[in-house]
Amino acid sequence: MIKMIFIFFKLGFISFGGGWASLGIIKQQILDNELLTEKALQEAISIAQMTPGPVAVNVATYVGYLKYNFLGAFLNNLFLIIPPVLLFFLARFIIHKLKIDKKRVTQALKYGTIILISVTFISVLNPVISERDIFSGIIASLALFLFMKTKLDPIYIILGSALVGMFIFS
């Protein structure tokens, strides 16, 4: 359990830009340390998308609960959240003391976040392409089209995609 907790502690330090930006890093750490299989991780990500809250926290909860029940879920979340809180106060102190321009820092972080989200998108899309899963590709393309071209609330698109996926794949 200690190894798992410290994996999420490390993820808390190196995950910037939110859950989607850091999902690629989370995926690599979970698979490299054999906490979940590729298939189980894809299921965890799907569940994390449909539940309220940040994706990284939901995945940490899911993995912790699967491995060590409530205590694992609680400790994963605690150790995932501690590093960003510490980094926030440290960054605030440094920016205040050195009088660094906040706009420049924000701009620099924005570009890094865009890159991390792009890498995550490719890593999540890769299993669909490699398995030649045409139905998943169609569902994803339709969801993207609906999101881009309509004013539908994204929750309806997500729930609709889940229902279609359950119907097709069950």
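A salt bridge here is a side-chain nitrogen of Lys or Arg within 4 Å of a carboxyl oxygen of Asp or Glu. Keep that in mind for the first exercise. The model is predicted, so local features need pLDDT of at least 70 and side-chain atom pairs count only at pLDDT 80 or more, while totals for chains, interfaces and linings use all residues. Residues are numbered from 1 along each chain as its sequence is written, and side-chain values use heavy atoms, leaving out hydrogens and water.

**Exercise 1. Find the salt bridge in the whole structure and describe its two partners.**

Step 1: A search of the whole structure gives 1 salt bridge.

Step 2: Lysine 27 and glutamate 38 form a salt bridge, with 3.3 Å between their closest N and O atoms. Lysine 27 belongs to helix 2 (residues 19–32) and glutamate 38 to helix 3, so the pair ties together parts 11 residues apart in sequence. Helices are DSSP runs of H or I with at least four residues, numbered from the N terminus.

Step 3: Now check accessibility: buried means under 20% relative accessible area, exposed over 50%, and partly exposed in between, using a 1.4 Å probe and protein chains only. Lysine 27 is buried because its relative accessibility is 11%. Glutamate 38, at 33%, counts as partly exposed.

**Exercise 2. Which residues of helix 7 are buried, and what covers them?**

Step 1: Ile157, Ala162 and Gly165 are buried in helix 7. They cover an arc of only 135° around the axis, so they lie on the same side of helix 7. The arc is taken from the directions from the helix axis to the C-beta atoms.

Step 2: Turned away from that buried side is a face with the exposed residues Tyr156, Leu163, Met166 and Phe167.

Step 3: The cover over the buried residues includes helix 3 (38–50) and helix 6 (134–149), where contact means heavy atoms within 4.5 Å.

**Exercise 3. How many aromatic pairs are there, and what is the geometry of phenylalanine 6 with phenylalanine 9?**

Step 1: Rings of Phe, Tyr and Trp (its six-membered ring) pair if their centres lie within 6.5 Å; planes under 30 degrees apart are stacked, over 60 edge-to-face, and the rest tilted. The count comes to 6 aromatic pairs.

Step 2: Phenylalanine 6 and phenylalanine 9 make an edge-to-face pair, 6.1 Å centre to centre with 90° between the planes. Both lie in helix 1 (residues 2–14), and because they are 3 residues apart, about one helical turn separates them.

Step 3: Widen the view: ring pairs link Phe6, Phe9, Phe13 and Phe79 into a cluster.

Methods. Helices (H or I, at least four residues) and strands (E, at least two) are DSSP runs, numbered from the N terminus.
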